[in-house]
Amino acid sequence: MRTKRRNRVIFVSSLVASLSVAFIFIVLAMNENVDFYYTPSDLTSSKIINKDSLRIGGLVQEDSIKISKDSLKTNFLVTDLENSIEVYYEGILPNLFKENSGVIARGFYDYSDGIFYAKEILAKHDENYIPKEVKKALVNDS
Amino acid sequence: MRQLFNQLISFPYFFKIAQISFPYLFLLSILVILLGVLWGVFFSPVDVTQGEVYRIIYLHVPAASVAQSIYYTMVIASITYLIWRIKMASVFMISMAPLGAIFTFLALFTGAVWGQPTWGTWWVWDARLTSTLILLILYLAIISLFSSFDRRASTDQAVSIVVLIGGINLPIIKLSVEWWNTLHQSASITLSGSSIDNEMLIPLLISIFGFYLYVTAIGMRKMQVEILKREISHNWVKEIFKEKR
């Protein structure tokens, strides 16, 4: 009985040990390509080869949004606070799209003119939840 | 301590405790969930960037939390079964897996409903969303094992091993938003505090607590059913039903 249990302990601990090794390998492998988007610095440092479709993410730079008056054409800058990239997009923007707020654009980066031609714009929400009244008070204080 | 543990893993004793405590626990959980969700939906302030749509957090976060916690406890139960062959551990896993599947689905569903207006999309294949989908598939795989074997012991053994192997997904879900760039935001509530305003946080915590109570109550009930299935021909079961008559 005792050896039986010892065998089970050995079985379980070797399973757990091999799972931990598998976990490390999975994470190392995923580190290469699991990122949902690239940052502007990734692109400008030309770490990435030309891809037909990729995503970039960052903050919408302040005072950079230019929306055409008679069409859905939009230009704005995406920044990671080190580098920024100009994005061109034609279509409807999500509600949360605004300056200093997270954005992810999917499209094609043209290295020749340095403009990212987006086919899709997603807004990224951060982890902060603030009531309207509190926000007003914060703005008034500062 | 040891005596208490031995009592809890004995089928007749657990059955009796669950029989007595279920109605209270169930009623309490419904009241707490109603309190948390209604408070959150009708009385907590509007979020400054997301507007009213943020209120889905009062379902989404509790569901996602419960979905993962169930799997954590199932991993502990699987190790317990694999080493000590405690039958209660396999009863636990088999009873909780369907609950885990339901709450994982609820988390994915409410997340999609929130994502459409907030992000601009129902679904993306980012690390957090994909690993949560894998959690749902794991639960379904475990459930599909329930009736795949003729012998009880083979089922219990197979379920335990699959649960243990699937445990590898848990740290990936947890850390996906920290390690990689994802569309899903990182955790708002951490050990070092919360980035959710208190007025919004309190109903959320109440709702989370209510969900845990609910899962405990329903889980106990399901375990009772599973115990009856296994012990139907035993004397203690017959005696209980004789008393009822």
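Visitor: On what conventions do the labels and the selection of features rest?
Guide: Residues are numbered from 1 along each chain as its sequence is written, and chains are lettered from A and ligands numbered from 1 in the order in which they are written. Since the model is predicted, local features need pLDDT of at least 70 and side-chain atom pairs count only at pLDDT 80 or more, while totals for chains, interfaces and linings use all residues.

Visitor: What makes up the secondary structure of chain A and of chain B?
Guide: Helices (H or I, at least four residues) and strands (E, at least two) are DSSP runs, numbered from the N terminus. Chain A has three helices and six strands, in the order α-α-β-β-β-β-β-β-α. Chain B has nine helices and two strands, and its elements run α-α-α-α-α-α-α-β-β-α-α from the N terminus on.

Visitor: How do you know how chain A compares with a compact globule?
Guide: The radius of gyration is taken over C-alpha atoms, and the globule rule is 2.2 Å times the number of residues to the power 0.38. For 142 residues a compact globule would come near 14 Å, but chain A has 23 Å. The C-alpha atoms of chain A fill a box of roughly 80 × 45 × 25 Å along the principal axes. The corresponding spans of the C-alpha trace of chain B are about 60 × 35 × 30 Å.

Visitor: Why is D63(A) called exposed?
Guide: A residue is buried if 20 or more other C-beta atoms lie within 10 Å of its own, exposed if 12 or fewer, and partly exposed in between, with C-beta atoms placed from the backbone. D63(A) has 8 C-beta neighbours inside 10 Å and therefore counts as exposed. D63(A) is placed in the loop between β1 (54–60) and β2 (66–67) of chain A, and has a positive phi of about 55 degrees although it is not a glycine.

Visitor: Why is R85(B) called partly exposed?
Guide: R85(B) has 16 other C-beta atoms within 10 Å, so it is partly exposed. This residue lies in the loop between α3 and α4 of chain B; R85(B) also has a positive phi of about 55 degrees without being a glycine.

Visitor: What makes K87(B) buried, exposed or partly exposed?
Guide: Because 18 other C-beta atoms lie within 10 Å, K87(B) is partly exposed. K87(B) lies in helix α4 of chain B. From K87(B) to K238(B) there are 151 residues in sequence and 20 Å in space, C-alpha to C-alpha.

Visitor: What share of each chain counts as buried?
Guide: In chain A the share is 24% of 142 residues. In chain B 37% of 245 residues count as buried.

Visitor: Why are α4(B) and α6(B) called roughly perpendicular?
Guide: Two packed helices are described by the angle between their axes and the distance between the axes. Axes are lines fitted to C-alpha atoms, for helices over the stretch in contact, and angles run from 0 to 180 degrees between N-to-C directions. Angles under 35 degrees count as roughly parallel, over 145 as roughly antiparallel, 65 to 115 as roughly perpendicular and the rest as oblique. Helix α4 (residues 87–118) and helix α6 (residues 152–166) of chain B pack at about 65 degrees, with their axes 10 Å apart. The two helices are therefore roughly perpendicular to each other.

Visitor: Why are α5(B) and α6(B) called roughly antiparallel?
Guide: Helix α5 (residues 127–145) of chain B and α6(B) pack at an angle of about 170 degrees, with their axes 9 Å apart. α5(B) and α6(B) are therefore roughly antiparallel. The residues in this contact include L138(B) and L145(B) of α5(B), and V159(B) and G166(B) of α6(B).

Visitor: How do you know that chain B touches chain A?
Guide: Two residues are in contact if their C-beta atoms, placed from the backbone, lie within 7 Å. In these terms 35 residues of chain B are in contact with 33 residues of chain A. On the side of chain B that touches chain A, α3(B) gives the most, with three residues.
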